[in-house]
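Subject: Structure handover and notes

Dear colleague,

I am passing on the structure below, followed by notes on what came out of going through it. Please read the notes with the coordinates open beside you.

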Amino acid sequence: MDAPPLDPGLYIVATPIGNLGDITRRAVQVLEACDIVACEDSRVTGKLLNHLAIKKPMRRYDDHASEAARESLLAEMVQKAVVLVSDAGTPLISDPGYRLVRAARERGIAITSLPGPSAAITALTLAGLPTDRFLFAGFLPSKAKARDDAMAELAALKATLVFYESGPRLVATLEAMATGLPGRELAVARELTKTFEECRTGPVQDLVAHYTAHPPRGEIVVLAGPPAATPAPDVASLDDELLAALADLPTSKAAAQVAKAHGLDRKALYARALELKA
Ligand code: SAM
């Protein structure tokens, strides 16, 4: 039986992150009924459509597509039902789609989103770390300095941090987390929903040792629990620490060092360091 026609517009459709059984019934219905499937890679999406015995015209789309390519897809949405999928998981989550959705909203095109798998949420539900507050931080930069700066920005945040990672970079990232995100409980979730799914927690040194001995394959989410609650130091002892640091370091570095040690605001400590020097 033919699927009932869909209204024109943009349909954001989440797809499985490994286990094809995780496709939702509604995702299948919308893929069956749509006119066009916009995807990152037609070979990857072609396999999924094949598995579902669905044949649809596919258009390659990513956020680096030319304005002209985006405009032509937007123009189709006025008359046709266009589905956006990514290679796996929820589109727009470290995947293309943001620019397309933004442009579609600006033009008043109807948009709806069909929820489904996402590695970040799956990992959060598995790791046993606090889930009441979390921050999805996507992929860390690949260059060490930019990665360390990104971690420094997040270090004081009282929330579980969620990162996407790849096998070859995992050990270096964990080593950087040992100093960049001190005192946080870590979890490594791998190959989620697949045969060799695992979620490993433990002290960072143990995780580094394990993954150095067993170089990980496949796709990975790294989670860092909130910083361990430490009693706030009193003002007098903070001043002492600042003065000690100022004896060896320039003001900004001294402030940064003490701020990092206590998860405090660097600017506030910099201002206090200037007062102490004066
Ligand atoms: N949009 C996807 C989502 O909703 O999860 C994420 C796409 S992003 C380009 C790919 C990254 O997601 C991988 O490098 C990995 O960090 C994570 N990932 C995707 N599938 C995964 C899986 N089955 N297990 C663990 N991590 C996964």
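This is a predicted model: local features need pLDDT of at least 70, side-chain atom pairs count only at pLDDT 80 or more; totals for chains, interfaces and linings use all residues.

For a sense of distance, Ala268 and Ser94 are separated by 174 residues in sequence, and their C-alpha atoms are 33 Å apart in space.

Helix H11 also takes part in a helix packing. Helix H9 (residues 235-248) packs with helix H11 (residues 266-277) at an angle of about 75 degrees, and the two axes are 10 Å apart. That angle makes H9 roughly perpendicular to H11, because angles of 65 to 115 degrees are put in that class. On the H9 side the residues that meet H11 are Leu238, Asp239, Leu242, Leu243 and Leu246, and on the H11 side they are Leu269, Arg272, Ala273, Leu276 and Lys277. Sorted by class, this contact has seven nonpolar residues, three charged residues and no polar ones.

Helix H3 (residues 67-77) is described here by its two sides. Arg70, Leu73, Leu74, Glu76 and Met77 are buried in this helix, and viewed down the axis of H3 the buried residues fall within an arc of 155 degrees, so they line one face of the helix. On the other side of H3, Glu67 and Ala68 are exposed. What do the buried residues of H3 pack against? Their partners are strand E1 (9-13), strand E2 (36-39), strand E3 (58-60), strand E4 (81-84) and helix H4 (98-106).

The aromatic residues come next. A search of the whole structure finds two aromatic pairs. In one of these pairs, the ring centres of Phe136 and Tyr164 are 5.0 Å apart and the ring planes stand at 70 degrees, so the pair is edge-to-face. This pair links distant parts of the chain, with Phe136 in strand E6 (residues 134-139) and Tyr164 in strand E7 (residues 160-166), 28 residues apart. Are these two residues buried or partly exposed? Phe136 is partly exposed, with a relative accessible area of 31%, whereas Tyr164, at 9% relative accessibility, counts as buried. Phe139 and Tyr164 also form an edge-to-face pair, at 5.8 Å from centre to centre and with 65 degrees between the planes. Here too distant parts of the chain are linked, as Phe139 lies in strand E6 and Tyr164 in strand E7, 25 residues apart. Phe136, Phe139 and Tyr164 form one aromatic cluster.

Ser118 is found in the loop between strand E5 (111-114) and helix H5 (119-127), and with a relative accessibility of 10% it counts as buried.

Finally, Thr45 lies in helix H2 (residues 42-51). At 3% relative accessibility, Thr45 counts as buried, because that value is under 20%. Which residues does Thr45 touch, not counting those up to four places away in sequence? They are Val37, Cys39, Met58, Val85 and Ser86.

Terms used
Residues are numbered from 1 along each chain as its sequence is written. Side-chain values use heavy atoms; hydrogens and water are left out. Rings of Phe, Tyr and Trp (its six-membered ring) pair if their centres lie within 6.5 Å; planes under 30 degrees apart count as stacked, over 60 as edge-to-face and the rest as tilted. Helices (H or I, at least four residues) and strands (E, at least two) are DSSP runs, numbered from the N terminus. Buried means under 20% relative accessible area, exposed over 50%, partly exposed in between (1.4 Å probe, protein chains only). Axes are lines fitted to C-alpha atoms, for helices over the stretch in contact, and angles run from 0 to 180 degrees between N-to-C directions. Angles under 35 degrees count as roughly parallel, over 145 as roughly antiparallel, 65 to 115 as roughly perpendicular and the rest as oblique. Contact means heavy atoms within 4.5 Å. Ala, Val, Leu, Ile, Met, Phe, Trp, Tyr, Cys and Pro count as nonpolar, Asp, Glu, Lys and Arg as charged, and the others, Gly among them, as polar. The arc is that of the directions from the helix axis to the C-beta atoms.
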